[in-house]
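Subject: Structure handover

Hello,

Here is the structure I promised to pass on. Please open it first, then read my notes below.

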Amino acid sequence: QVQLVESGGGLVQAGDSLRLSCAASGRTFTVYSMGWFRRAPGKEREFVAEIGWSRGTTDYADSVKGRFTISRASATNTVYLQMNSLKPEDTALYYCARKPQIWASYADWGQGTQVTVSS
């Protein structure tokens, strides 16, 4: 089983930056890709970004393209989300998750880290 622990959230003003981290631990870490998701109050969880673990290929939601950057540190099984030019609509609980194989769904959700952006 894999455990994911997110950190780095906080309260910031519009236009500020934050860097989220997600540390994975477990006896066996099999991963095809890692993703970041978020859930705003009263809304469904939505995809934010993902990164392929072997090649580092990335994909982003249209709402964050050009502002957010996902990266990984394979040696430490850590994935990051650099968030720049934050907007109030980015306020949400941010989760990371693992996709163990190409055919699998995202699973092993962390507990989340809260990001609040004031206007």
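Start with β9 and β10. They pair in the antiparallel sense, over three bridges. In that pairing, Ala92 stands opposite Val115 in β10. Before going further, please keep in mind that this is a predicted model.

**The sheet**

The two strands belong to an open sheet of six, in the order β2-β10-β9-β4-β5-β6. Its pairing is mixed. The edges are β2 (10–13) and β6 (58–60), each of which pairs on one side only. On average, neighbouring strands here are turned by 20° against each other, direction ignored.

As background, strands of a sheet pair through backbone hydrogen bonds, either parallel or antiparallel.

**From β2 across to β10**

β2 runs parallel to β10, and four bridges join them. Leu11 has Thr116 as its bridge partner in β10.

Strand β10 covers residues 113–118, and its side chains alternate. Thr113, Val115 and Val117 point to one face and are buried.

How many residues of strand β4 are buried? Six of the seven, so the strand (residues 33–39) is largely enclosed by the rest of the structure.

On one side, β4 is joined to strand β9 (residues 92–99) by seven bridges, and the two run antiparallel. Ser33 has Lys99 as its bridge partner in β9. β4 also pairs with β5, again in the antiparallel sense, over six bridges. There, Phe37 stands opposite Phe47 in β5.

β4 and β5 form a hairpin, with six residues between them. Look at Gly42 in the turn: its phi is positive, at about 75°.

From there, strand β5 (residues 46–52) goes on to pair with β6. This pairing is antiparallel too, over three bridges. Ala49 has Tyr60 as its bridge partner in β6.

**Arg38**

This residue deserves a look of its own. Arg38 lies in strand β4. Is Arg38 buried or exposed? Its relative accessibility is 5%, so Arg38 counts as buried, the cut-off being under 20%.

The side chain of Arg38 makes two polar contacts to look up:

- With the side chain of Glu46, at 2.6 Å.
- With the side chain of Tyr94, at 2.9 Å.

**Two loop residues with positive phi**

Which loop holds Asn77? It is the one between β7 (68–73) and β8 (78–83). Phi of Asn77 is near 50°, a positive value in a residue other than glycine. Asn77 has a relative accessible area of 23%, so it is partly exposed.

Ser85 sits in the loop between β8 and β9. Its phi is also positive, near 50°, and Ser85 is not a glycine either. With 41% relative accessibility, Ser85 counts as partly exposed.

**Where to look first**

I would begin with β4, which is largely enclosed by the rest of the structure. Then turn to Arg38 and its polar contacts with Glu46 and Tyr94.

Best wishes

Definitions and conventions: Residues numbered from 1 in each chain as written. Predicted model: local features only at pLDDT ≥ 70, side-chain atom pairs only at ≥ 80, totals over all residues. Heavy atoms only, no water. Pairing = 2+ DSSP bridges. Axes fitted to C-alpha atoms, helices over the stretch in contact; angles between N-to-C directions. Buried < 20%, exposed > 50% of the residue type's maximum accessible area, 1.4 Å probe, protein only. Polar contact = N/O pair within 3.5 Å; in protein donor to acceptor, adjacent residues only side chain to side chain.
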